[in-house]
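Me: Please take a close look at one part of this model, the aromatic side chains and the strands around them. I would like the cut-offs spelled out as you go.

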Amino acid sequence: MTITVGETLPDVKLVKATQEGPEAVQSAEYFKGKRVALFSVPGAFTPTCSARHLPGYVDKAAELKAKGIDEIACTAVNDPFVMKAWGEASGSPEVTMLADGNGDFAKALGLTMDGTGFGLGLRGQRFAAVINDGVVEQLHVEAPGDFKVSAAEYVLEKL
């Protein structure tokens with residue numbers, strides 16, 4: 001079942017990619033007490049994710065923060081080393097990279113997709129959400145193959 005607006009995020013382990021190395025974080029603790037613009041991509045370094053999704057949040061970071069967002073976070077079913085490298089390649093310290101290596105977060109949210117036809121296995125769907133103190137305030141899930149409602153520009157319009 002897919003998480004909905006008004007529900008509290010499930011508490012699962014994510015791994016934050018930091019300069020000092022991987023740092024395990026519980027989602028309940030990470031999202032507590034702040035308003036986070038969270039977006040999920042099917043995979044780091046994949047075409048749409050690298051060319052449009054992540055760069056949109058990098059470009060709009062100041063505007064999102066001006067509208068009350070405390071932090072911007074990206075999650076993907078990738079390991080923390082890949083997420084760190086992707087974050088560094090994007091040139092943005094404004095986006096916190098959260099690795100969901102086993103897909104536990106995506107599964108707990110009910111937002112997985114089957115990418116086995118592309119050799120990707122089970123992945124997280126492309127979506128964006130605004131999380132306020134651990135509660136889903138907004139949720140924008142893309143239709144398969146689309147990139148519209150999870151874009152930074154769309155989220156910014158809805159704030």
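Reply: A charge sits over a ring if NZ of Lys or CZ of Arg is within 6 Å of the ring centre and within 35 degrees of the ring normal. The model is predicted, with local features needing pLDDT of at least 70 and side-chain atom pairs counting only at pLDDT 80 or more, while totals for chains, interfaces and linings use all residues. Residues are numbered from 1 along each chain as its sequence is written, and side-chain values use heavy atoms, leaving out hydrogens and water.

By that charge criterion, K34 lies over the face of Y30, 4.1 Å from the ring centre. Y30 also belongs to an aromatic cluster with F31 and F105. Rings of Phe, Tyr and Trp (for Trp, the six-membered ring) pair if their centres lie within 6.5 Å; planes under 30 degrees apart count as stacked, over 60 as edge-to-face, and the rest as tilted.

Searching the whole structure gives four aromatic pairs. One of them joins F39 and Y57, which count as stacked because their centres are 4.0 Å apart and their planes lie at 5°. This pair links distant parts of the chain, since F39 is in strand 3 and Y57 in helix 2 (residues 47-59), 18 residues apart. Helices (H or I, at least four residues) and strands (E, at least two) are DSSP runs, numbered from the N terminus. F39 is buried, at 0% relative accessible area, and Y57 is buried at 0% as well; buried means under 20%, exposed over 50%, and partly exposed in between, with a 1.4 Å probe and protein chains only.

F45 and W86 make a tilted pair, 6.4 Å centre to centre with 50° between the planes. Here too distant parts of the chain are linked: F45 is in the loop between strand 3 and helix 2, W86 is in helix 4 (residues 80-90), and 41 residues separate them. F45 is partly exposed at 47%, whereas W86 is buried at 3%.

Now the strands. Two strands pair if DSSP finds at least two bridges between them. Strand 3 (residues 35-40) runs antiparallel to strand 8 over six bridges, with V36 opposite I131. Strand 8 (residues 127-132) is mostly covered, five of its six residues being buried. Strand 8 also pairs with strand 9 (residues 135-141), antiparallel and over six bridges, and F127 stands opposite V141. Strands 8 and 9 form a hairpin with two residues between them; in the turn, D133 has a positive phi of about 55°.
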